[in-house]
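Colleague: I would like to go through the fold of this chain, strand by strand and then helix by helix. Could you take my questions in order?

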Amino acid sequence: MGRRVNVIGVGMVKFAKPGASEEYDVMASKAAQAAIKDAGISYGDIQQAYTGYVFGDSTCGQRAVYSVGLTGIPVINVNNNCSTGSTALYLARQAVEGGMAECVLALGFEKMEKGALASKFDDRANPLERHVDTMNRAQGMNQSPFAAQMFGGAGREYRWKYGTKRETFAKISEKARKHASKNPFALFTQTLSVEEILASDEVFDPLTRYQCCPPTCGAAAAIVCSDEFARKLGHSNPVYIAAQSMTTDLPSSFGDSMIKMVGFDMAALAAKQVYEKSGLGPEDVDVVELHDCFTANELLTYEALALCKEGEAEKFIWDGDNTYGGKFVTNPSGGLLSKGHPLGATGLAQCTELVWQLRGQAEQRQVEGARVALQHNLGLGGACVVTMYRRD
């Protein structure tokens, strides 16, 4: 077993709509500088950097960190679709755990365009071809945005299987807006009722506009280090990564189930591995940041992470077990639905929120007595990263 890995610094910028943000390198450098200041180090202490983004030319990561410092360290660019930020964290954690470095920066950023995600290259094989083929077999295709068809189709399959009400999905978005109203870094801070959410334009049944995450620009960062490095800086009780797992698609992803195609089995396997590695179970978790790109995926992820049993997500939601006063506070930040989803930054923004929660620094969003946090970040194509954080 490798060395313990601590998260001693985190930072992010306020997320913005496309066209209203600063340049990607400016956002990224601000997030990195905030994490460096939070850690109490200088840029010269960082020995490696893993930089994540999805849309942009090669070596955008170097452009971003060069705005912070020019020390000649390795800068590794990472692209793993919507799980890019947590993949950068995964690699940074491996470098420290394996003894290859003492202090590493994980940085994620994205400058997005308006509108639904679309492929940028039409002269080569699309990496999601097998996913699209599975969707064609399972439900066919229409003119709706691809991601909405995929995750909406998974939500529809769940409805058919369990008789779930459309209001149940909308209630997830209502909760997201309520949480985001207390987050100064969130894109959308205006609360919405279930009725308002259901009345918004339908995108793909059961999803309406307010149940889909918006294209967003932003950046977030984390500094990870060894115990010895943390002690030298006087970090006596830092947040640390108790366990982390990354999984990719399984044979079941390409069968006849939309639920499995959008990553349910990947998430369930990653969560199982994290629970086993950490010696903790879902019952030990206080606060969760999970990948709510659509309300349907949040509902499915409750079950994939074993926060509730399969088929019981609707009861879990209406009982209030996904928010303050319930069993788990999920997405106190407002999640992707309301905080926003800058693809490369999302995983590190989740990390930032959870570190703040475990330190007791989340202000109006603070989960009382939080000591164990769980993170879930998913990218179609595919990859799922699940991370358990602790502060003893």
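Colleague: How many bridges join β2 to β3?

Modeller: This is a predicted model. In it, β2 and β3 run parallel. The number of bridges joining β2 to β3 is 4.

Colleague: Which helix does the chain pass through from β2 to β3, and what is the hand of the crossover?

Modeller: The link between β2 and β3 is a β-α-β crossover. Its helix is α2, residues 60–66, and the hand is right-handed.

Colleague: Which residue of β4 stands opposite T51?

Modeller: β2 and β4 pair in the parallel sense over 5 bridges. T51 has its opposite residue in β4, and that residue is L107.

Colleague: Are the residues of β2 buried or exposed?

Modeller: Q48, Y50 and G52 point one way from β2, while A49 and T51 point the other way. Buried here means under 20% relative accessible area. The count for β2 is 5 of its 5 residues, and the word for them is buried.

Colleague: Which strands stand at the edges of the sheet?

Modeller: The open sheet has 10 strands with mixed pairing, in the order β3-β2-β4-β7-β1-β8-β12-β11-β9-β10. Two of them have a single partner strand each, so one side of each is left without a neighbour in the sheet. These edge strands are β3 (75–78) and β10 (329–330).

Colleague: In which sense do β1 and β8 pair, parallel or antiparallel?

Modeller: Strands of a sheet can pair either way through backbone hydrogen bonds. For β1 (residues 5–12) and β8 (residues 239–247) there are 3 bridges, and V5 stands opposite I241 in β8. The sense is antiparallel.

Colleague: At about what angle does α14 run to β1?

Modeller: Helix α14, residues 343–359, lies across several strands, including β1, β7 (218–225) and β12 (383–390). Its angle to β1 is about 110 degrees.

Colleague: Why is α10 called oblique to α11?

Modeller: The axes of α10 (residues 264–278) and α11 (residues 295–304) come within 9 Å. Angles under 35 degrees count as roughly parallel, and 65 to 115 as roughly perpendicular. α10 and α11 cross at roughly 40 degrees, which makes α10 oblique to α11.

Technical notes:
Residues are numbered from 1 along each chain as its sequence is written. This is a predicted model: local features need pLDDT of at least 70, side-chain atom pairs count only at pLDDT 80 or more; totals for chains, interfaces and linings use all residues. Side-chain values use heavy atoms; hydrogens and water are left out. Two strands pair if DSSP finds at least two bridges between them. Helices (H or I, at least four residues) and strands (E, at least two) are DSSP runs, numbered from the N terminus. Contact means heavy atoms within 4.5 Å. Axes are lines fitted to C-alpha atoms, for helices over the stretch in contact, and angles run from 0 to 180 degrees between N-to-C directions. Buried means under 20% relative accessible area, exposed over 50%, partly exposed in between (1.4 Å probe, protein chains only). A crossover is right-handed if, with the strands pointing away from the viewer, the path from the first strand over the helix to the second runs clockwise. Angles under 35 degrees count as roughly parallel, over 145 as roughly antiparallel, 65 to 115 as roughly perpendicular and the rest as oblique.
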